[in-house]
Structures are given as C-alpha cells and as structure tokens.
Amino acid sequence: MEDALFKSPTSRIQTVANLIPHGTRVVVDVGYDHGRLIALLAQQRPDIRVIGVERQPDAAERFWRRNRLPPEARDRILLLCGDGFEVLGHQTPEVAVLSGLGERRILDAAPQAVARLNRLVMAPLGNRALLRPYLRTRSWTVVEERLLTQHNRYYQVFAACPACPSDTAADPETWLFGTGLFEQRHPLLAAYLRQLARQLEPMVSHADEKSHDLREFCSRLGPAVELAEARCRQRAGGEGRSDVKLEFGGGPSEGACG
Ligand SMILES: C[S@@+](CC[C@H](N)C(=O)[O-])C[C@H]1O[C@@H](n2cnc3c(N)ncnc32)[C@H](O)[C@@H]1O
C-alpha cells in the first residue's frame, strides 16, 4: 500500500497546497508567477483567502485572463505587485509559501512580517540546499516533509514552524536533508541525494573559503546517500515502519505547529 502511494505522487503544486493546514485563514504565495497554486487553492479551499505577490508587473492581468474563476473565488484572491513581504501593508497572512525563488533574501528582508507567520511552506530548488541550516539559525523547525518527482525532476517540499520543539537531536546526516524523509524510508531519497551531489559538486570545487556551509553540506552527502540506501533496503525487506504517515495524495495538513 505504501509503495503504491509513492508511485503515484501528487503534483508539486498540490503537494505545496496540502501542507497548508486546515484552519488557515490567509496565506501569501510569494512569487506566484503562473498562479497555479492560487487557482488551485481558490477551487479547493473556500476557507482560505490567498494573497499573491509577484514582481512581474503583468502577472495579475495574466492570472485573471487565464483563470476564469467564479466571483466568490475571485473575491478570496488579492494579487499584489512588488518585492517579497514588502507590499503586504496591513495584511497579516498566517502562512507563507515560498516556492522556487530566493527564499533567504526574501525572509531576511522582512523580519517583522516573518515573525507574524505561524508556518512557512517551501519548495526550494536543488541549488538552494542550504535552506535548512538557515532556517535552524532562525529557530524555524521543519515539521513536515515531502519528496516527489515531476517531469523527471526531484522536488522537496516542506513546512517549517517557529519555536517548535527542535529536531537538533537528529544526526547531521538526516536533519540536513530531511529527517522526515529518512523516517519514511522514502524510496526516492537515495536517488535524489545522489543527484544533489552531482549538481553541487561543481559549486563546491569553485567555492571560496567562506563557503563553509556548502562544504559542510556536501561532506555530509556521501554518508547520507549510504544511510538512505540502507533505509531503502530495509523497506524492500519489509521492515518499513508502520507508524509513519506517508501522505502523498492526502488532503491538507493537520498543522502540527499551527
Ligand atoms: C521560478 S518562479 C516560481 C513560481 C512558482 N512559485 C512555482 O513554484 O512554480 C519564481 C517567481 O518568483 C518571482 N519572484 C522572485 N523574487 C521575488 C520577490 N522578491 N518578490 C516577488 N516575486 C518574486 C519571479 O518573478 C518568478 O515569477
């Protein structure tokens, strides 16, 4: 049953949507671009008001032209043009989605808006591998994790909450790449980490001495691959944990921390 779920993963956008917890009233999607997440939330989550922020000036016009939504869905959407959280004004979303853009710069630029959030949902690109150490230094804890493939690419999607019980007890080989993915014995994990190592290798060889985090991260990749492969073998051998919730096609998150 678990493997059947892994073989028919939900799309990246749906996976992001599923990590927005029940009970959320306002969510901001920073860098909404094509607006697929906003359109999907408008259709699936009538309980949520969605603010989209995009720095492309024509993004809103494009969104409304492509998405013929009923008036009640349109009324729940606010599209703003600008840079990150800067344009939010008096809007106070509880959840922010940052998917496929410069997450650290955007978060650092708006500490007050970020402090009001109770959840971040992130789908960083492969070369943004250092996001987890960054979040940890700001006391955000990753609380839910997903890994999927779409169009022959791997995507990690995770949710982080502030001031949650920390996962510092987890060893570096697991928390750096996703403690939850190791716990799930995720069948894509080893292949994903091998690909990450291939992608980062050229960056490391050109990195200067200041790139301590990147070097540290890459030095952990080898042991992490071995661990992931061992977990997968255990899984294939029928030792998969039955207490771990594998949520691929499931509905919205129950929101472990808010
Ligand atoms: C690679 S696209 C990702 C789109 C979508 N979030 C997704 O995951 O498919 C990144 C988008 O973020 C926008 N963007 C990047 N930095 C931004 C910022 N600081 N404020 C607003 N939009 C931003 C870009 O204009 C671009 O449309």
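## Ligand shell

The shell around the ligand holds six nonpolar, six polar and four charged residues. In total, 16 residues surround the ligand. Gly31, Asp33, Ser99, Gly100 and Leu101 are the closest. The model is predicted.

## Overall make-up

The protein has 12 helices and seven strands. Of its 258 residues, 36% count as buried. Among contacts in the protein with a separation of 6 or more, 72% are between residues 24 or more positions apart.

## Strand β4

Strand β4 covers residues 95-99, and five of its five residues are buried. Val95, Val97 and Ser99 point one way. Ala96 and Leu98 point the other way.

β4 has partners in β1 and β5. Strand β1 (residues 26-30) runs parallel to β4, joined by four bridges. Here Val28 has Ala96 as its bridge partner. Five bridges join β4 to β5, again parallel. In that pairing, Val97 stands opposite Val121.

Strand β5 (residues 119-123) runs antiparallel to β7, with three bridges between them. Val121 pairs with Ala159 of β7.

The bridge partner of Thr141 is Cys161. Two residues lie between the strands in the hairpin of β6 and β7. His151 takes a positive phi near 50 degrees in this hairpin. Seven of the 10 residues of β7 are buried, so the strand is largely enclosed by the rest of the structure.

## Nonpolar core

In soluble globular proteins, nonpolar side chains tend to be buried together. The largest nonpolar core here has 60 residues. Val16, Ile38, Leu120, Val121, Ala160 and Leu193 touch the most other members. β7 (residues 153-162) gives the most to this core, with six residues. Why does the core lie between domain 1 and domain 2? Domain 1 (9-163) and domain 2 (167-244) both give residues to it, so it lies between them.

Val16 shows how these parts come together. Leaving out residues up to four places away in sequence, Val16 touches Leu37, Val97, Ser99, Val121, Ala123 and Val157.

Conventions. Residues numbered from 1 in each chain as written. Predicted model: local features only at pLDDT ≥ 70, side-chain atom pairs only at ≥ 80, totals over all residues. Near = placed C-beta within 6 Å. Nonpolar A, V, L, I, M, F, W, Y, C, P; charged D, E, K, R; others polar. Core = buried A, V, L, I, M, F, W, Y, C linked by C-beta atoms within 7 Å. Buried ≥ 20, exposed ≤ 12 C-beta atoms within 10 Å, placed from the backbone. Domains from an automatic or database assignment. Contact = placed C-beta atoms within 7 Å. Pairing = 2+ DSSP bridges.
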